[in-house]
Amino acid sequence: MTSTAAISPDQAHHQSLADGTAGTALLHIERALTGHGSWATAHALIRKVAAGPIDAGDHVGLYYGAPAVAFMLHTATSDGQPRYEQALATLDRHVARLARRRLNTATTRINAGQYTRFSEYDLFYGLVGIGALLLLRQPDSDTFGDVLRYLVRLTHPIRHDGMELPGWWVTHDPDPTLPTPGGHANLGMAHGAAGILALLALATRAGHVVEGQHEALERLTDWIENWRQHSPDGPWWPQWITLPALRTGRPTQQRPGRPSWCYGTPGIARALQLAALATGDTTRQHTAEQALLASLTDQNLTQISDPGICHGLAGLYQTVYRAAGDSTNPALHQQLPVLAAALTAHTTPHHESSDEGLLTGKTGTALALETTRRTAPPHSGWDACLLIT
């Protein structure tokens with residue numbers, strides 16, 4: 001383990017889950033586990049990831065550095081075989097220490113009355129992502145319990161200039177090209193309320209509960225449902241809520257966005273479904289599943305222009321597949337062949353991308369296609385990094 005200064009650009013690329021070798025390795029691990037690929041190929045990629053120093057600085061998260069490498073190696077052990085035990089034990093210690101440092105920084109920030117940032121809490125680089133890894137690797141640890149306590153605290157509203165804001169309110173923009181003067185509260189799975197809700201729900205379903213966790217699930221669910229919008233095609237959610245939206249009760253976004261995992265209705269609906277399953281609320285479960293189903297209209301699907309995981313058909317398919325697996329509603333199952341056909345149609349040479357990555361490139365698409373081919377859950381559990389399972 002080392003600091004960023006000692007990491008070359010090539011080494012940084014290798015240990016990226018989002019667009020680097022660590023993400024590519026997930027595909028070959030999955031194929032090796034199902035007997036449709038070679039362990040030699042998977043091992044070669046894993047060696048490439050681990051050949052140089054692993055970044056363990058305070059800026060790393062589930063999608064980069066030591067946590068990303070730990071997640072990659074964890075997927076290779078999902079068949080119960082004792083692979084990479086020593087490396088995983090070392091990485092577990094580093095991830096626990098990283099989580100503790102990040103929690104201390106977050107607590108100092110909260111106590112000072114300052115706003116949070118994506119990098120503190122989100123799935124890609126924040127404590128939601130680190131918590132997702134701890135749920136897999138160290139679920140009974142005090143550190144994971146403290147991550148849950150932090151997330152519970154994050155769901156409490158804060159007050160600023162007489163206004164009540166969600167605890168995960170950030171003052172920076174969601175994207176440099178999309179200004180949100182005064183800040184915003186994100187709703188999505190990647191950077192917002194849905195990701196926080198999904199991790200708390202998954203932990204609850206696994207029996208890991210801290211004081212205030214059920215109330216936090218209720219608080220988040222209520223907040224997300226409060227911002228549900230309606231259209232002729234069914235319910236949908238805005239990507240984020242701005243100060244003007246809080247003042248008026250109406251989002252600035254006027255129509256449904258693309259039905260994607262990262263920001264769209266599918267990821268949000270899956271998080272709501274997971275929360276309903278965790279709390280035994282069958283009414284809310286049905287409502288969430290109906291929202292997901294309604295997002296799959298032909299008109300909505302025409303907004304998707306790429307096959308990738310983050311905002312493309314692969315992420316949509318994988319999300320619906322996991323939601324259907326938890327649902328007694330046959331309608332979601334019936335959508336899977338349609339989505340699989342659409343995903344396959346978007347992976348022809350005409351649509352082929354030069355991006356090799358997991359989130360927006362060929363690797364993520366190929367992993368979702370493995371699910372369509374087998375019509376069975378991934379052996380490696382690779383989609384745990386999406387917080388949909």
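Okay, disulfides to start with: a search of the whole structure finds zero of them. A disulfide here is a pair of cysteine sulfur atoms within 2.5 Å. Look at C310: the closest cysteine sulfur sits in C262, and the distance of 3.6 Å is too far for a bond. C310 counts as buried, with a relative accessibility of 11%. Then there's C385, which is in no disulfide either; its nearest cysteine sulfur belongs to C310 and is 11 Å away. C385 is buried at 0% relative accessibility. Quick note on words: buried means under 20% relative accessible area, exposed means over 50%, and partly exposed is in between, with a 1.4 Å probe and protein chains only.

Before I go on, this is a predicted model, where local features need pLDDT of at least 70 and side-chain atom pairs count only at pLDDT 80 or more, while totals for chains, interfaces and linings use all residues. Residues are numbered from 1 along each chain as its sequence is written, and side-chain values use heavy atoms, leaving out hydrogens and water.

Now let's find helix α5, residues 85-111. Helices (H or I, at least four residues) and strands (E, at least two) are DSSP runs, numbered from the N terminus. How far should the 27 residues of α5 span? At 1.5 Å a residue you'd expect 39 Å, and the end C-alpha atoms are 39 Å apart, so that agrees. The expected span is 1.5 Å times one less than the number of residues.

Which residues of α5 are buried? Among them are L88, L91, D92, V95, A96, L98 and A99. Further along, the buried ones include R102, L103, A106, R109 and I110. If you're wondering about the spacing, an α-helix has 3.6 residues a turn, so residues three or four places apart point the same way. The buried residues of α5 pack against α4 (66-75), α6 (118-121), α7 (127-137) and α8 (142-154). Contact, by the way, means heavy atoms within 4.5 Å.

Setting aside neighbours within four places in sequence, Q138 is in contact with D92, A96, L133 and F144.

Next up is L343, in helix α16 (residues 330-345). L343 has a relative accessible area of 0%, so we call it buried. Now find L313: it is 30 residues from L343 along the chain, yet their C-alpha atoms are separated by 5.7 Å. L313 is also one of the residues that L343 touches, along with P307, A314, T365, A368, L369 and T372, not counting residues up to four places away in sequence.

On a 1 Å grid over the protein atoms alone, a cavity is a set of points where a 1.4 Å probe fits but cannot get out; a pocket is an open set with protein on both sides within 12 Å along at least five of seven lines; and lining residues have an atom within 4 Å of a point. Grid points are joined across faces, edges and corners, and a volume is the space filled by probe spheres set on the points.

The largest pocket has a volume of about 250 Å³. Of the 15 residues lining that pocket, P174, D175, L178, W240 and Y263 are the closest to its centre.

How many cavities of 30 Å³ or more does the search find? Two. The largest cavity holds about 140 Å³ of space. It's lined by 19 residues, and the closest to its centre are W236, P256, G257, R258 and T265. Strand β5 (residues 234-236) gives the most to that lining, with three residues. The second largest cavity has a volume of about 30 Å³, and here helix α13 (residues 282-294) gives the most to the lining, again three residues.

Last stop, phi angles. Most residues other than glycine have a negative phi. D161 is not a glycine, but its phi is positive, about 50°. You'll find D161 in the loop between β1 (158-160) and β2 (163-165), and at 70% relative accessibility D161 counts as exposed. T375 isn't a glycine either, and has a positive phi of about 45°. T375 sits in the segment after α17 (362-374) and is exposed, with a relative accessible area of 59%.
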